[in-house]
Amino acid sequence: MEYKVEAHRIMSISLGKIYNSRVQRGGIKLHKNLLVSLVLRSARQVYLSDYYSGACLNAQSEREGNEWDITDSEREKFPPSATECDRVESTEEPQPNEQPEKEREYRENDDEVKSDQVDCTSTLQEQNQNSSLDSVAKVSSETPPESITEPKESPSDSAVAERDSTPEANGESHQPPKPHVCSNRKRSAEESESGDSPQKRTKVASSNAKEDEEAEEMDTSNVSNLITIFGSSFSGLLSKESAKPEAEAEDSGQICCDQMLKNLNPWSTAIVAF
Amino acid sequence: MGEDGESPKINHSFLRDYVTEADVISTVEFNQTGDLLATGDKGGRVVIFQRETESKDESEELGESGEYNVYSTFQSHEPDFDYLKSLEIEEKINKIRWLPQQNAAHFLLSTNDKTIKLWKVSERDKRPEGYNLKDEEGRIKDISTVTSLRVPVLKPTDLMVEVRPRRIFANGHTYHVNSISVNSDGETYLSADDLRINMWHLDITDRSFNIVDIKPANMEDLTEVITAAEFHPQHCHLFVYSSSKGTLRLCDMRESALCDKHSKIFEEPEDPGNRSFFSEIISSVSDVKFSHSGRYLLTRDYLTVKVWDLNMEKGPVETYQVHEYLRSKLCSLYENDCIFDKFECVWNSTDSVIMTGAYNSFFRMFDRETGRGVTLEAWRESSKPRAVLRTRRIYNGGRRRRGDVGVDSLDFTKKILHMAWHPAENIIAIAATNNLYIFQDRVNAENLKT
């Protein structure tokens, strides 16, 4: 577990650097902040995964434009694009097809802003929205955390069971146009996103306003968002920081883990710093 | 300063070591003949050194070649403030580039984060004397005192170096300018910031062409930035730019007006065995230089320098480890921000030796023919004038020899980031914080003479 301690330490240091960069003379340095945010993301991935998938994450995060693939079954449909890690995961952790469906339904459900689970789904929706879905998505360490989060997801199952999921979401059917599938989901995400977003956005927007002036000049809104997020709440972190496409693939299944981690002491000390 | 009984106990050593931030040298550049050497510092000043011409006396000392003395000093950039964005603009000189000399005057471009300026450096050693209407101090004479007319004549006077700004290229960049490069056509130059590269004409200040733009539509999708750019030394249509991901892109301006699409991309697949949290940071290229021949590229990332052949895109042809012993210390270097240091790299005049800086006032030279590298030190305590530079070694486990420096005793505040190599001779200029070291290879010069 010592790698987790290390990862956490690196994350706190990175957050400190981002914070300090805003008061440095000469304005925000885009290059340095980009590098720091990359380190932050890597550390977070390692921190939020167990050791085995952590190794896979390292191999995965090299890939450009990692897109988030929803289901294991869809992943199996496209073996050439699957990584070695994915194949290993899919063989070693056989998932019932129900679970992917549940996840999909979660992704399309974004009206329940208040529940923790929905933080994760609306995040996933936002991820869908923000990422460019032109390449086949790869799920990295989604599967291990799924087993952890399954008990949490089940209570809300019934609530969302009746929700209309797009036909393509059915894992068994082999739908050739995978990008098409993604885009459909994306559209439905966008439509339903509008309902949920105002509340979350207003919460972030108020703290955003004063800090955005400083950041807008360089359009490093992602950096400023990180700052506002850490200042406002932990859940804000998930919605905004995960807007970066590369992170999303790995984050998807781990969001529910984050909710547990929110209550851990080390996290709160990191946030208290701001 | 007041004196009191406790003062003897106060350790004043910090005063001796204290360096004014503004004096830290931030760029060094020889001109095309090597007679002039310009340095820029964090305070926005430019100091130009001139090489003293060798004595024509036949009985001169063996190996005596000209030394560099201060020629001119001027304030190039002042601290600025962008009111619209509430941004302070540092006056630090990021780069200086000389223009090829066309007449008696010298021209150089200097840039800070936002503004590029063209300076004319000229000498004046004569002045007109004998005006009719003005006296020697320039005051207007009373006409009634003028009894006769004379023609003003030029009289020799003490040499005066005048530096005047001739062009100011402002408002071209939203992000921080990291490189400028003068084109071989002698008329244009490029300036690169984190996301864009602009091409300017030296005579036109209110317009520039944008030739590369890697800004994504959504800034949250940003994955890489431009770290350095340079024109090809002979082909005026080619330029290269490096990215924070460790890739180099060669662009041909004949292909399209906007060169977002590269002609060639040079990248080396990452070694998965070396992967760590900081792999992305240490793969970021901090400097790229064309060889004098135009055939090769030299790049510097955090731990290595690499030589690339323009004809081979799949990887570098040579890789040299600068300070591999730091690989296990990346986490602490990340904490103290040293991992973000941007080292420069240079070629020698014949492209046979490459040089780059390191920590602890060390710099490294690699001989491309033998593949071997040496470590040299730029530190005034150990360098007396005309002393021979001795090679140093870093001790990192294994056998330790006398004089070796342990990895843990390296001083990371003494970093050699900026350097330049004379275009024709073996003379190097090394910037170490606020000091400039100029080393000359006398031995070889002596051999050449005989």
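Accessible areas here come from the Shrake-Rupley method with a 1.4 Å probe, and for residues only the protein chains shown count as cover. By that method, chain B exposes about 23000 Å², and carbon and sulfur atoms supply 50% of it. Chain A exposes about 10800 Å², with 55% supplied by carbon and sulfur atoms.

This is a predicted model, in which local features need pLDDT of at least 70 and side-chain atom pairs count only at pLDDT 80 or more, while totals for chains, interfaces and linings use all residues. Residues are numbered from 1 along each chain as its sequence is written, chains are lettered from A and ligands numbered from 1 in the order in which they are written, and side-chain values use heavy atoms, with hydrogens and water left out.

Start with the two chains. Helices (H or I, at least four residues) and strands (E, at least two) are DSSP runs, numbered from the N terminus. Chain A has 15 helices and zero strands. Chain B has four helices and 31 strands. Next comes burial. A residue is buried under 20% relative accessible area, exposed over 50%, and partly exposed in between (1.4 Å probe, protein chains only). Of the 274 residues of chain A, 60% count as buried. Chain B has 450 residues, and 49% of them count as buried.

Contacts tell us which parts of a chain meet. A contact means heavy atoms within 4.5 Å. Take the contacts in chain A with a separation of 6 or more: residues 24 or more positions apart account for 79% of them. In chain B, among contacts between residues at least 6 apart in sequence, 51% join residues at least 24 apart.

Now look inside. In soluble globular proteins, nonpolar side chains tend to be buried together. A nonpolar core is a set of buried Ala, Val, Leu, Ile, Met, Phe, Trp, Tyr and Cys residues joined through side-chain atoms within 4.5 Å. The largest one here has 51 residues. B:F278, B:Y302, B:Y334 and B:I339 have the most contacts inside it. Both chains contribute: the elements that give two or more residues to this core include helix 1 (2-21) and helix 2 (30-47) of chain A, and helix 3 (330-335) and strand 20 (296-300) of chain B. Helix 2 of chain A gives the largest share, eight residues. Apart from this core lies another, of 15 residues, with B:V353, B:M355, B:Y437 and B:F439 among them.

Which residues does B:I339 contact, leaving aside its neighbours within four places in sequence? They are B:F278, B:I281, B:I282, B:Y302, B:L330, B:L333 and B:Y334.

Rings come next. Rings of Phe, Tyr and Trp (its six-membered ring) pair if their centres lie within 6.5 Å; planes under 30 degrees apart count as stacked, over 60 as edge-to-face and the rest as tilted. The whole structure has 18 aromatic pairs over all chains. One of them joins B:F169 and B:Y189, edge-to-face, at 5.1 Å centre to centre and 75° between the planes. This pair links distant parts of the chain: B:F169 is in strand 10 (residues 153-169) and B:Y189 in strand 12 (residues 188-192) of chain B, 20 residues apart. Both B:F169 and B:Y189 are buried.

Why is the pair of B:F277 and B:F278 edge-to-face? The ring centres of B:F277 and B:F278 are 6.2 Å apart and the planes are at 75°, so the pair is edge-to-face. B:F277 is buried, at 15% relative accessible area. B:F278 is buried too, at 4%. Ring pairs also link B:F277, B:F278, B:Y334 and B:F340 into a cluster.

The rule asks for NZ of Lys or CZ of Arg within 6 Å of the ring centre and within 35 degrees of the ring normal. A:K4 lies over the face of A:Y47, 5.7 Å from the ring centre. B:R368 lies over the face of B:Y296, at 4.6 Å from the ring centre.

What about cysteines? A disulfide is a pair of cysteine sulfur atoms within 2.5 Å. The count is zero disulfides over all chains. For B:C251, the nearest cysteine sulfur is that of B:C259, 5.3 Å away. B:C251 is buried, with a relative accessible area of 0%.

Finish with two loop residues. B:N171 has a positive phi of about 60° although it is not a glycine. B:N171 sits in the loop between strand 10 and strand 11 (179-182) of chain B, and is exposed at 76% relative accessible area. B:S361 also has a positive phi of about 60° without being a glycine. B:S361 lies in the loop between strand 24 (353-357) and strand 25 of chain B, but counts as buried at 3% relative accessibility.
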